[in-house]
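The sequence and the model are shown first.

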Amino acid sequence: MSPLLSVRGITKSFRGLRAVDDVGFDVEPGTVMGVIGPNGAGKSTLFASVSGGLRVDAGTVALDGTDITRWPDHRVARAGLVRTFQLMRPFGTMTVLDNVAVAAASRTADTGRAYERAHEVIERVGLERYRDQASAELPTAGLKRLELARALATSPRVLMLDEVLAGLVPSEREPVVDLLAELRDGGLTMVFVEHVMTAVMRLSDHVLVLDRGRVIAHGTPAEVVEDPRVVEAYLGE
Ligand code: ADP
Ligand code: MG
């Protein structure tokens with residue numbers, strides 16, 4: 001099988017600091033890759049570099065064989081590589097339904113079809129009871145689901161999630177992890193950054209470990225947690 005997402009030699013510096021240094025990986029269709037690493041390791045920079053949010057200094061990104069390096073993020077999203085943001089930014093005064101329909105409308109010019117899709121996705125992520133509320137009124141856990149719903153409404157080929165569990169208390173995390181597991185079992189290809197290790201272990205087929213901008217380990221969850229370099233990187237945090 002050829003990879004759906006293929007990343008090679010990505011390098012991105014900020015004023016001399018190499019935030020991401022020669023990072024590469026492949027993601028096969030229908031698989032899930034977790035990205036972990038201490039704070040400041042370069043995870044968010046890598047995500048932005050891959051999804052078009054930042055202009056890379058070097059390296060290439062290919063989506064299903066098409067070179068999308070340096071495409072602007074809206075074009076990358078239209079091609080099917082969609083990321084959620086660590087900071088959520090829905091249109092607060094709009095209802096949950098309208099917010100998701102706007103996202104769905106990026107895939108169809110048919111407004112009726114966009115709303116149909118929005119209803120499906122809202123049900124999928126368990127937001128029915130908030131459907132007609134203004135998005136700004138949602139609790140944090142609801143906002144996370146809304147962010148997921150907006151991404152899913154665009155029918156992504158690869159979904160990239162940056163710390164969706166951040167800001168949730170443990171009791172709120174489990175249902176979100178269950179939802180991600182359902183999406184994975186439905187065949188969705190995902191790449192996600194996460195600090196919550198139980199979620200990384202449960203959801204990932206492969207784990208990429210970054211430290212100071214570089215890949216220090218890559219393997220199954222069981223392999224990377226036993227890797228001495230990984231243990232050392234976290235102890236030094
Ligand atoms: P992580 O997501 O793993 O915590 P980041 O990718 O956010 O790490 O940051 C990696 C490094 O790059 C950090 O040292 C951070 O301070 C730096 N950095 C990130 N974004 C910027 C920016 N826009 N300007 C300058 N430095 C940045
Ligand atoms: Mg980050």
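## An aspartate in a loop

Aspartate 64 lies in the loop that links β4 (58-63) to β5 (66-67). The model is a predicted one.

## The enclosed helix α3

Is helix α3 largely enclosed or exposed? Helix α3 (residues 96-104) has nine residues, and because seven of them are buried, the helix is largely enclosed by the rest of the structure. The buried residues are Val96, Leu97, Asn99, Val100, Ala101, Ala103 and Ala104. They pack against two helices, α4 and α5.

## Packing of α3 with α4

Two packed helices are described by the angle between their axes and by the distance between those axes. For α3 and α4, the axes cross at roughly 120° and come within 8 Å. Helix α3 is therefore oblique to α4, and the crossing is right-handed.

On the α3 side, the contact is made by Val96, Leu97, Val100, Ala101 and Ala104. Helix α4 contributes Ala114, Tyr115, Arg117, Ala118, Val121 and Ile122. By class, this contact of α3 with α4 has ten nonpolar residues, one charged residue and no polar ones.

## Packing of α4 with α5

Helix α4 (residues 111-124) also packs with helix α5 (residues 140-153), at an angle of about 135° and with the axes 9 Å apart. This angle makes α4 oblique to α5. The crossing of α4 and α5 is right-handed.

From α4, the residues Arg117, Ala118, Val121, Ile122 and Arg124 meet Ala149, Leu152 and Ala153 of α5. The residues of this contact comprise six nonpolar, two charged and no polar.

## The shell around ligand 1

Which residues surround ligand 1? The shell consists of Phe14, Leu17, Ala19, Gly37, Asn39, Gly40, Ala41, Gly42, Lys43, Ser44 and Thr45. The elements that supply two or more of these residues are β2 (17-27) and α1 (43-51). The largest share, three residues, comes from α1.

By class, the shell around ligand 1 has six polar, four nonpolar and one charged residues.

Conventions
Residues are numbered from 1 along each chain as its sequence is written. Chains are lettered from A and ligands numbered from 1 in the order in which they are written. This is a predicted model: local features need pLDDT of at least 70, side-chain atom pairs count only at pLDDT 80 or more; totals for chains, interfaces and linings use all residues. Axes are lines fitted to C-alpha atoms, for helices over the stretch in contact, and angles run from 0 to 180 degrees between N-to-C directions. Helices (H or I, at least four residues) and strands (E, at least two) are DSSP runs, numbered from the N terminus. Angles under 35 degrees count as roughly parallel, over 145 as roughly antiparallel, 65 to 115 as roughly perpendicular and the rest as oblique. A crossing is left-handed if the near helix is turned anticlockwise from the far one by less than a right angle, and right-handed if clockwise. Two residues are in contact if their C-beta atoms, placed from the backbone, lie within 7 Å. Ala, Val, Leu, Ile, Met, Phe, Trp, Tyr, Cys and Pro count as nonpolar, Asp, Glu, Lys and Arg as charged, and the others, Gly among them, as polar. A residue is near a molecule or strand if its C-beta atom, placed from the backbone, lies within 6 Å of it. A residue is buried if 20 or more other C-beta atoms lie within 10 Å of its own, exposed if 12 or fewer, and partly exposed in between; C-beta atoms are placed from the backbone.
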